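Here is a short tour of a protein model, from a spot on its surface to the overall fold and back to a single residue. Please have a look at the structure before reading on.

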Amino acid sequence: MYKIDVSPDPKEVAAIEARRNREKDRQSRFFNVRTRVMGVDVKALNSQVEERKLREATEQRKEAAYGTYQMQYDLVAQMLEKEQAERTRRLARKVQEFREQKQQLKNRQEFDFWDPGRFCTEFPGRFGDSDPYYGPASLQCFAGEDLDRAACLKMQQEQFKYRLERQLQEQRQVKVDEKCSGMLNDQLRLAMDMQATQLAKLEESCRVAMMSAMANANKAQAELSEFHNLHQSAYNPISPAVQHQQPLSSK
């Protein structure tokens, strides 16, 4: 007779050993009364729901505060834009008035390349010593011989007074503009400080709520552990046969 080698296949042996180990792990999880939880943990679910509601309420308060401060910032920005536009229009109006008064075509002093003989033809002939077209450089009048000196001095004084009043008015306007700008800047800084304070308060309230929720969860967990310990000490250990049948009946 022939001798037959009936040694098992290593792959089958490894598969059987793996299944045996998985079964042992499963039994250790099911039969360990310290880590086993029967049913649903209602307190944990309720605490999760409360935490989610608290988080949603906090987010809503943050969004409402952000919308309020955003409206205030938009209002301040609109005021600043209006002030800048008004200042630009005022400056353009002053420039236009200066051009209309001081830069007229008939009063220009530049040399015109297209009309080189303009200075020779634009003045009429001499009519007398008091001719307004001739000044001291034309040698028509000398010191002590000017008959219109009083009128010239009066006109110069009026011009000086007018220019002085204009300068004072411009200085007052500049001070008013600076004061308005300072007030707007102060309002903007105050609004930013208030927003920072509100955000800090919201963060502090969120942190306190999170700490309270964490403390409640820890307290519930401690009470549950104490209940399990009391239950375990009050009753006798379950027999192995009952331990083996209990997971099957709980499914």
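Predicted model: local features only at pLDDT ≥ 70, side-chain atom pairs only at ≥ 80, totals over all residues.

## A nonpolar patch on the surface

Phe-160, Leu-164 and Leu-168 make up a nonpolar surface patch, and their accessible area together is about 300 Å².

You will find Leu-164 in helix 4, which covers residues 149–234. Its relative accessibility is 39%, so Leu-164 counts as partly exposed, a class that lies between the 20% limit for buried and the 50% limit for exposed.

## The overall fold

Stepping back, the protein has five helices and zero strands. Read from the N terminus, the order of elements is α-α-α-α-α.

How much of the protein counts as buried? Of its 251 residues, 7% do. The accessible surface of the protein amounts to about 22,300 Å², and carbon and sulfur atoms account for 58% of that. As for contacts between residues at least 6 apart in sequence, 63% of them link residues at least 24 apart.

Is Gln-195 buried or exposed? With a relative accessible area of 18%, Gln-195 is buried, because the cut-off for that class is under 20%.

Which residues does Gln-195 touch, once neighbours within four places in sequence are set aside? Gln-195 is in contact with Tyr-69 and Tyr-73. Thr-68 lies 127 residues from Gln-195 in sequence, yet their C-alpha atoms are 9.7 Å apart in space.

Methods: Residues numbered from 1 in each chain as written. Heavy atoms only, no water. Patch = residues over 30% accessible without salt bridge, like charges linked within 9 Å, V, L, I, M, F, W, Y side chains within 5 Å. Areas by Shrake-Rupley, 256 points an atom, 1.4 Å probe, with all protein chains shown as cover. Salt bridge = Lys/Arg side-chain N within 4 Å of Asp/Glu carboxyl O. Helix = DSSP H or I, 4+ residues; strand = E, 2+ residues; numbered from the N terminus. Buried < 20%, exposed > 50% of the residue type's maximum accessible area, 1.4 Å probe, protein only. Contact = heavy atoms within 4.5 Å.
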